[in-house]
Amino acid sequence: MEAVASDNPHKDRVQVVICLGSNFGDRHSALTSALVSIKNFVHGLRVSGLYETPAVVNAGLHSTESDPYINAVAVGESELDVRELDAIFKRIEQSAGRNDRCRELGLVPLDIDIVCYGGDVRRPRDYRQPFFQIGYKMLGFS
């Protein structure tokens, strides 16, 4: 049997919802540069505005010891699987200066997390946080 060509050239793409944040260095530039890179892997990228949120510690409480974050949420589609995207995003973080020492100090030059992939919430804790929900709502989601 012969394969039938699809009328939808994007049928293997899945929706990806990404949260970005930075609390150290040139926060705005880190996010805008990351978004330029992400567009190479996530198609039709729509981005919320940039907004500031307080740092969150492990229990979901706000931290007064860490500088506030600039955040954004972006949504688009990708044919890459979630592991490939995660690896790409980690390399983008590293190129922005993220390393183990920064983590120890609570300094985040750039953080990129896939919160939803293919309709599934991968990071439920992040999904509930204001740093995600603000941008998610800016994009018209609830």
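Me: Which backbone oxygen does the side chain of Ser 78 reach?
Reply: Bear in mind that this is a predicted model. Ser 78 lies in strand S4, and among the residues it contacts beyond its neighbours within four places in sequence are Phe 41, Val 42 and His 43. At 2.9 Å, its side chain reaches the backbone oxygen of Phe 41.

Me: Is Ser 78 buried or exposed?
Reply: Leaving aside neighbours within four places in sequence, Ser 78 is in contact with residues including Asp 12, Arg 13, Val 14, Val 16 and Leu 85. Buried means under 20% relative accessible area. Ser 78 has a relative accessible area of 0%, so it is buried.

Me: How far apart are the end C-alpha atoms of helix H2?
Reply: H2 covers residues 82-95, which makes 14 residues. At 1.5 Å a residue, the helix should span 20 Å, and the model agrees, because the end C-alpha atoms are separated by 20 Å.

Me: How are the buried residues of H2 placed around its axis?
Reply: The buried ones are Val 82, Leu 85, Ile 88, Phe 89, Ile 92 and Glu 93. Looking down the axis of H2, they fall within an arc of 145°, so they line one face of the helix.

Me: And which residues are exposed on the other side of H2?
Reply: The buried residues of H2 are covered by elements including strands S1, S4 and S5, along with helices H1 and H3. Over on the other side, the exposed residues are Arg 83, Arg 91, Gln 94 and Ser 95.

Me: Which residue caps the N-terminal end of H2?
Reply: Look for a side-chain oxygen lying 2.9 Å from the backbone nitrogen of Arg 83. That oxygen belongs to the cap, Asp 81.

Me: What about Lys 90: which residues does it touch, not counting those up to four places away in sequence?
Reply: Lys 90 sits in H2 and counts as partly exposed, at 31% relative accessibility. With residues up to four places away left out, Lys 90 touches Ile 112 and Asp 113.

Me: Where is Asp 126 found?
Reply: Asp 126 is buried, with a relative accessible area of 13%. Setting aside residues up to four places away in sequence, it touches Asp 113, Val 115, Phe 131 and Phe 132. Its place is in helix H4.

Me: What do the buried residues of helix H5 pack against?
Reply: H5 runs over residues 130-138, and its buried residues are Phe 131, Phe 132, Gln 133, Gly 135 and Tyr 136. They pack against strands S1, S3, S4 and S5, and against helix H4.

Me: Which residue takes a positive phi just after H5?
Reply: Just after H2, Gly 97 has a positive phi of about 105°. Just after H5, a positive phi of about 95° is taken by Gly 140.

Me: How many disulfides does the structure hold?
Reply: Cys 19 counts as buried, at 6% relative accessibility, and Cys 102 is buried too, at 11%. A disulfide needs a pair of cysteine sulfur atoms within 2.5 Å. The number of disulfides in the structure is zero.

Definitions and conventions
Residues are numbered from 1 along each chain as its sequence is written. This is a predicted model: local features need pLDDT of at least 70, side-chain atom pairs count only at pLDDT 80 or more; totals for chains, interfaces and linings use all residues. Side-chain values use heavy atoms; hydrogens and water are left out. Buried means under 20% relative accessible area, exposed over 50%, partly exposed in between (1.4 Å probe, protein chains only). Helices (H or I, at least four residues) and strands (E, at least two) are DSSP runs, numbered from the N terminus. The expected span of a helix is 1.5 Å times one less than its number of residues. The arc is that of the directions from the helix axis to the C-beta atoms. Contact means heavy atoms within 4.5 Å. A polar contact is a pair of N or O atoms within 3.5 Å; within protein, one must be able to donate a hydrogen and the other to accept it, and residues adjacent in sequence count only if both atoms are side-chain atoms.
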